[in-house]
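I opened the model to look up its pockets, its cavity and the ligand. My entries follow in that order.

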Amino acid sequence: MRIWKKCSVLVCVFVLLSMILIGCGSADERRIIRIGHNQSTNHPTHIALAAFQDYIAENLGDKYVVELYPSELLGSQTDMVQLTQTGAIDYCVASNAILETFSKNYELFNLPYLFASTEAYHASMDDTEITGPIFASTKKAGFTAVTWLDAGTRNFYTVDKPINSPADLKGLKIRVQQSPTNIEMMRLLGGSATPMSFGEVYTSLQSNIIDGAENNEMALTDNGHGDVCKYYSYDMHQMVPDILIGNNVLLEEMSEADRGVFEAGYDLINRVQREEWVKAVDKAKQKAVNEQGVQFIYPDQTPFVEACMPLHTSVLEKNEALRPLYDAIQRYNQLYPSVAE
Ligand code: GCU
């Protein structure tokens, strides 16, 4: 009798284990990974995330299904960061600019004229001694940065007034990202900062709520801003990276083996996005000039730089922990100076 009981317990355990294993393999039981971002499906960020989606399908397709939600389908970047905090979604791409409201440490990469060149920017962002303390600084807020994405250089563009010097910004309402550093930057440059989410900019330009905005070249074409704004001025005030953030519960509950695959996937996103970025910016410039009639202006950057420098001092004075990271960036600036120098 006892033997019979033992056998039936073993059979039950076997049936249960089989059910779990079969369950794991079936499509219904796979963990859905939701990733939100605010760019179109043509954008390098989406192309890179689609490569990640394929990579996870190939390597862990029995356990995870990656779903992509582009074009602010899940709300503005701030909304998406909040969804990632609570775990309602798993990852989102947020501009470094808006992350400073979740951790002051992110202010560092929002500083105007922080990086002397694209090479210095890339080398700094690839250096985990610099990014590590910043990427981990939102642990308590429920999310962690897993990689960065290129978002080029930010420049001013306006509906009808060319910007040749900071004096030209006076009296103009310029859309900035929702970040205290950006608002202060605009104050120092003499313009009037109008913070709003990316998705609101096109209509605000069209209806004259704002006189201009600031962004990389892709905003002219991919977001249609070049249909309204005819002057794009290369003052190159910022190189603000985009950051892929992930929900901490997901990141921590993953097995070590799965985490290894996901981490290789984050590297893939970074690599693909950067390759696609160079091509996309080139195409955007051609289209802006030839099809949208945008005029590109190359002002002397010196007065812009001089106006913005007090922001470096004030941010570093408020947050001393950033100083060694700032100094490390200066070393890359010396190694890769601006071509103008
Ligand atoms: C860039 C950046 C986005 C950001 C946008 C903005 O497109 O890649 O992450 O949201 O600028 O100005 O809001």
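I began with the elements around the largest pocket: α6 (118-126), β9 (231-238), α12 (256-290) and α13 (302-318) each give at least two residues to its lining. Helices (H or I, at least four residues) and strands (E, at least two) are DSSP runs, numbered from the N terminus. The model is predicted: local features need pLDDT of at least 70, side-chain atom pairs count only at pLDDT 80 or more, and totals for chains, interfaces and linings use all residues. Residues are numbered from 1 along each chain as its sequence is written, and side-chain values use heavy atoms, with hydrogens and water left out.

I noted the search rules. On a 1 Å grid over the protein atoms alone, a pocket is an open set with protein on both sides within 12 Å along at least five of seven lines; a cavity is a set of points where a 1.4 Å probe fits but cannot get out; lining residues have an atom within 4 Å of a point. Grid points are joined across faces, edges and corners, and a volume is the space filled by probe spheres set on the points.

The largest pocket has a volume of about 950 Å³. I found 33 lining residues, with S117, T118, T153, M236 and M239 nearest the centre. By class, this lining has 17 nonpolar, 11 polar and five charged residues. Ala, Val, Leu, Ile, Met, Phe, Trp, Tyr, Cys and Pro count as nonpolar, Asp, Glu, Lys and Arg as charged, and the others, Gly among them, as polar.

Next I took the second largest pocket, at about 460 Å³. Its lining has 21 residues; F135, A145, V146, T147 and Y266 lie nearest the centre. α6, α7 (128-135), β4 (143-149), α11 (248-253) and α12 each supply at least two of the lining residues.

Then the cavity. I found one of 30 Å³ or more. The largest cavity has a volume of about 230 Å³. The ligand takes up its space. Its lining counts 22 residues, and N38, Q39, Q77, Q177 and F198 lie nearest the centre.

Which side chains make polar contacts (N or O pairs within 3.5 Å) with the ligand? R154 has a polar side-chain atom 2.8 Å from a ligand oxygen. For Q77, an N or O atom of the side chain is 2.9 Å from a ligand oxygen. For Q39, the distance from a polar side-chain atom to a ligand oxygen is 3.1 Å. The protein covers 97% of the 310 Å² of accessible area (Shrake-Rupley method, 1.4 Å probe) that the ligand has on its own.

Terms used:
A polar contact is a pair of N or O atoms within 3.5 Å; within protein, one must be able to donate a hydrogen and the other to accept it, and residues adjacent in sequence count only if both atoms are side-chain atoms. A molecule sits in a cavity or pocket if more than half of its atoms lie within 2 Å of its grid points.
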